Amino acid sequence: MKTSLFTKVGLFATILTLFGLLLPVVSSAGEKPAVGDYSRGAKVWSNNCGRCHNIRDARELRDDQWFSTAFHMRMRAGLTGQETRDVIAFLVASNKPQRKSIFDKQAVKTSGTVGKLDGRAVYNQTCIACHGGDGKGTLPGAPNFTSSKGPLSKSDAVLIKHITEGFQSPGSPMAMPAKGGNTDLTVEDMRAVLAYLRKQFGK
Amino acid sequence: MKHPGKFTRRALAVAIALSLPMTASADAGYDALKKQVEQLQRQLQQVQEALKRQETKVNEVKENSVTRAEAKALESEVNAASEWKDPNTLVHMAGYADVGYASGSNQNGSFKVGTFAPIFHFQYKDLVMLESELEFGIDENGETEVGMEYLTIDWFVNDYVALVAGRFLSPVGQFRQNLHPSWINKLPSAPPGFGHDGAAPTSETGLQMRGGFPIGNMRSNYAVFVGNGPELIAEWEDGEFGLDGIEAEGKGTDRDGEKVWGGRFAILPMNGLEMGVSVATGKATVTGIEDDTGAAPSLTGEQARDYDVFGFDTVWQHKSLTLRGEYVKSKVGGAITGATASDGGEWQTWYAQASYLLPATKFEGVIRYADFDTPHDSQDQKQWAVGLNYLFASNIIGKIAFESNDGQAGAASDSDRWFVQMAYGF
């Protein structure tokens with residue numbers, strides 16, 4: 001059948017848009033992209049997944065399964081490539097086993113003293129995406145630090161253990177990954193952020 | 001020369017006499033010494049045997065143990081092991097399925113097998129992904145139905161652009177492309193007008209470009225597509241042909257040669273809030289007739305009609321509360337030539353939905369209102385739906401829901417319904 005002028009113009013405009021916009025980016029396709037960042041990935045994870053569906057446990061799938069799933073979700077949620085790499089970094093980090101090293105006898109020993117590191121910086125980098133700036137949680141099931149019956153009612157040793165190994169709050173649809181997904185966190189970092197939590201949100 | 005014999009013999013006799021007691025004493029010392037030596041020999045032998053046993057044990061320990069350095073190296077290797085890093089191609093399966101029970105005010109209650117919809121991913125590095133979702137179901141006669149929801153090859157051109165070719169879920173609105181899987185949809189049914197042959201297009205076959213990019217502190221996402229477009233169905237009613245419906249389901253052949261193009265653009269001004277606008281435009285032609293008289297005319301020479309779609313969607317998620325709404329209108333123009341020449345028509349629908357996960361529980365309440373308006377009174381429907389979900393896990397959801405439907409008296413759209421559904425996303 002005869003194609004109308006309107007459709008022809010629309011078709012031409014669409015094709016022009018598709019390939020015209022592609023030209024400048026194809027030439028840069030070979031450039032090595034920036035690697036993923038787990039901290040940004042945690043924010044992408046917490047800010048995007050829940051808009052459409054319940055947030056899945058970050059340790060639910062293997063790394064290779066998360067890889068394909070993340071690219072599937074890039075298409076669904078309109079993520080950028082960098083956001084996709086970030087969220088993969090977060091998920092891969094969440095999957096890393098946080099076994100206590102057989103050579104690290106001090107792994108979960110707590111002294112109750114504040115480390116030299118800045119707990120606020122650790123919180124803003126690793127925890128704030130899910131727990132929020134006000135400590136009340138940004139995701140369904142994320143606990144309220146300001147509640148007198150919340151996590152801060154527990155001892156330092158228990159909380160350090162939860163941070164180290166990961167923890168799923170009762171009724172929460174997802175678990176906090178070990179060390180919040182940041183495998184670089186040290187015991188001193190965890191002590192520092194715990195001291196910050198008690199100072200900032202503790203009753 | 002003196003003869004020494006006598007003196008020598010005397011001296012010898014004296015010496016023997018003197019040495020007799022000494023000889024007896026030497027024998028006793030010798031015996032003691034001998035015993036001592038023998039005892040030492042036995043002790044030495046015992047020590048040697050003990051050493052040998054010890055040496056054997058040491059060797060066994062050496063064979064069955066590692067050094068600290070070896071253990072640390074192994075620990076590092078285990079921690080660094082990631083099988084997905086090596087292969088160029090990944091194969092992955094996801095998807096969803098649901099089963100349940102449905103009962104209507106004018107139909108018998110029935111156990112249902114909803115849909116088994118595996119999604120296959122074949123991914124080459126971070127460059128290309130083949131995606132396909134199949135749909136398996138059972139019809140009323142128990143026969144297995146198989147369909148292809150979508151099949152695309154996605155080329156990730158760069159961080160902001162992906163080029164998609166094949167049959168893809170329609171980018172118009174949110175429900176069809178993101179919310180229809182049963183483990184995601186908070187209620188067991190789709191809102192009226194968002195199912196097949198409704199107001200919202202379900203899929204398209206063609207070419208699509210989509211992605212996301214930041215706008216200052218905001219984020220955005222987009223999709224632009226061109227495709228074969230829908231086909232129209234006419235029916236004989238009241239002595240003339242009229243438009244019955246729009247089949248916007250990713251036709252494999254463009255029988256009228258008229259392409260449809262369109263897209264969606266959405267902004268996310270803050271975390272949890274997304275607002276999108278969708279449009280599509282082109283031409284569509286009547287290619288089928290629902291006719292019980294057996295006198296259906298030939299459809300060659302049918303006039304292509306204007307086809308335009310407009311949609312708006314929004315979602316706001318804050319902690320345990322999610323609010324969403326969507327509006328879609330599909331408009332088909334009239335035709336003045338062809339066997340099915342008739343006036344055009346509009347199909348429009350909207351819904352608003354709220355869901356809330358009760359704190360510290362796995363129970364989720366949901367309520368939805370929808371209004372589907374078509375050129376045919378028998379298809380019009382207003383619906384209230386309420387449901388209670390139990391999250392066995394984030395991806396395994398038990399649902400119980402009730403729909404209060406208001407449609408033309410006696411029509412299926414007027415039947416209230418109960419649902420129980422178990423949905424599993426994998």
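Q: How many salt bridges does the structure hold over all chains?
A: The structure holds 21 salt bridges over all chains. A salt bridge here is a side-chain nitrogen of Lys or Arg within 4 Å of a carboxyl oxygen of Asp or Glu. The model is predicted: local features need pLDDT of at least 70, side-chain atom pairs count only at pLDDT 80 or more, and totals for chains, interfaces and linings use all residues. Residues are numbered from 1 along each chain as its sequence is written, chains are lettered from A in the order in which they are written, and side-chain values use heavy atoms, without hydrogens and water.

Q: What makes Asp159(B) and Arg85(A) a salt bridge?
A: Their side chains meet at 2.9 Å, N to O. The cut-off is 4 Å, so the pair counts. This pair crosses between chains, from Asp159(B) in the loop between strand S4 (144–158) and strand S5 (161–169) of chain B to Arg85(A) in helix H4 of chain A. Helices (H or I, at least four residues) and strands (E, at least two) are DSSP runs, numbered from the N terminus.

Q: Why is Arg85(A) called buried?
A: Its relative accessible area is 16%. Buried means under 20%, exposed over 50%, partly exposed in between (1.4 Å probe, protein chains only), so Arg85(A) is buried.

Q: What shows that H4(A) is largely enclosed by the rest of the structure?
A: 13 of the 15 residues of H4(A) are buried, so the helix is largely enclosed.

Q: What joins chain A and chain B?
A: 62 residues of chain A are in contact with 81 residues of chain B. Contact means heavy atoms within 4.5 Å. The count between the two chains is three salt bridges. One is between Arg219(B) and Glu83(A), at 2.8 Å, N to O. On chain A, helix H1 (5–26), helix H2 (38–48), helix H3 (63–77) and H4 each supply at least two residues of the side that touches chain B.

Q: How much area is buried between chain A and chain B?
A: About 5900 Å², of which carbon and sulfur atoms give 59%. Buried area is the accessible area (1.4 Å probe) that two parts lose on being put together, summed over both.

Q: Why are Glu149(B) and Arg176(B) both counted as buried?
A: Glu149(B) has 7% relative accessibility, so it counts as buried. Arg176(B) has 6%, so it counts as buried too. The two form a salt bridge, the closest N and O atoms being 3.2 Å apart. Glu149(B) is in strand S4 and Arg176(B) in helix H3 (residues 175–179) of chain B, 27 residues apart.

Q: Is Glu231(B) buried or exposed?
A: At 5% relative accessibility, Glu231(B) counts as buried. Its salt-bridge partner is Arg255(B), with the closest N and O atoms 2.8 Å apart.

Q: Why is Arg255(B) called exposed?
A: Arg255(B) has a relative accessible area of 55%, over the 50% limit, so it is exposed.
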